[in-house]
Amino acid sequence: MDSSSSSPVLRYAVFGHPVAHSLSPRIHAAFARQFGIALEYVGVDAAPERFDVALAEFAAEGGLGANITLPLKTRAASICSHLSDRARRAGAVNTLIRSATGWEGDNTDGVGLIRDLTERHGLDLRERRTLLIGAGGAARGVAPALLDAGIGDLFIVNRTPERADALADTLGLPGRVHPRYLSDVSTLGNFDLIVNATSAARDDAMPTLPMSLATPRTAAVDLSYGEAAIPFLAWAKVAGAHDRIDGLGMLVEQAAESFERWHRKRPDTDPVYAQLRQGALSLVTAD
């Protein structure tokens, strides 16, 4: 029996700080409509020190699953009773699934990024010499998937070099993954793929990048979208990067992966992406 009219409302949420501008409620509502699923999906603003309490309240109220965005992804990983392999490799969680023993943590950021770059934008990532800017939760989510997709050497730069070292150690491929100081970025040559995984634009601290990093064959990707992606993508345009891609497609694809984990149904992402893209310039990033 599959009568949506008699189905209970399923409760989900996105936790972040801030979270008011999140597109996730719109995206998941659109996915649910494709299948006639009665869904309640809300944004919950939770500062890191209040996240555990907010999540417990959500569970007590019948919450079945949640997305996690900045700055809570690594904290979320630490409170899960079980982690998927990709969440364990990332050390960061963006998707929570309620289970009998607590929360299961998954990370759909990486697969969402790869699907957007390869299927929507038609990029061949194999053997691309890659620069990853940032080493926080967003970078942790995508680095394993980039390596699995067959990129060449991966250079990680971060303002705090210890975090770049820690991410490189987590990835465990010393011959292929190279942590470097952000201040040394001008000595690293050029790259076929440059991924900005910082929230620098939001923090008003976009790092100064030399034009020599990009060539006419470079793909420049910002994991943010809307206003937050403008500084990096503007740099990429002036630097002559061939492809300049924001994180809107990744956002929709990672949401679809989360949706499938929760509902066992695969939504059609193209119409949802197209609708969001129409208003992309007015968007403010918050997953």
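Reply: A salt bridge here is a side-chain nitrogen of Lys or Arg within 4 Å of a carboxyl oxygen of Asp or Glu. The model is predicted. By that criterion the structure holds 20 salt bridges.

Start with K73 and D109. Their side chains meet in a salt bridge, 2.7 Å from N to O. The pair links distant parts of the chain: K73 belongs to helix α3 (residues 73-78), D109 to helix α5 (residues 109-120), and 36 residues separate them. Burial is assigned under 20% relative accessible area. K73 has 4% relative accessibility, so it counts as buried. D109 has 1%, so it is buried too.

Helix α5 also holds R120, which makes a bridge of its own. The side chains of R120 and E253 meet at 2.8 Å, N to O. R120 is in α5 and E253 in helix α9 (residues 248-263), so this pair also links distant parts of the chain, 133 residues apart. The two partners differ in cover. R120 is partly exposed, at 22% relative accessible area. E253 is buried, at 4%.

R120 has a ring contact as well. Its charged end sits over the ring of Y273, 4.1 Å from the ring centre. R129 does likewise with F191: the charged end of R129 sits over that ring, 4.5 Å from its centre.

Next, D246 and R277. In this salt bridge the closest N and O atoms are 2.7 Å apart. D246 lies in the loop between β12 (243-245) and α9, while R277 lies in helix α10 (residues 270-278); the pair links distant parts of the chain, 31 residues apart. D246 is buried, with a relative accessible area of 13%. R277 is partly exposed, at 30%.

Some bridges join into a network. R86, E104, D106, R115, E119, E257, E260, R261 and R266 are linked by salt bridges in this way.

Now the rings. A search of the whole structure finds nine aromatic pairs. F58 and W103 are both buried. They also belong to a cluster, in which ring pairs link F15, F51, F58 and W103.

Last, a helix where burial is the main point. Helix α6 (residues 137-148) is mostly covered: eleven of its twelve residues are buried. The buried residues are G137, A138, A139, R140, G141, V142, A143, P144, A145, L146 and L147. R140 is one of the buried residues of α6. After α6 comes G150, with a positive phi near 95 degrees.

To recap the charged pairs: K73 with D109, R120 with E253, and D246 with R277. K73 and D109 are buried.

Technical notes
Residues numbered from 1 in each chain as written. Predicted model: local features only at pLDDT ≥ 70, side-chain atom pairs only at ≥ 80, totals over all residues. Heavy atoms only, no water. Phe/Tyr/Trp six-rings, centres within 6.5 Å; stacked < 30°, edge-to-face > 60°. Buried < 20%, exposed > 50% of the residue type's maximum accessible area, 1.4 Å probe, protein only. Lys NZ or Arg CZ within 6 Å of the ring centre and 35° of its normal. Helix = DSSP H or I, 4+ residues; strand = E, 2+ residues; numbered from the N terminus.
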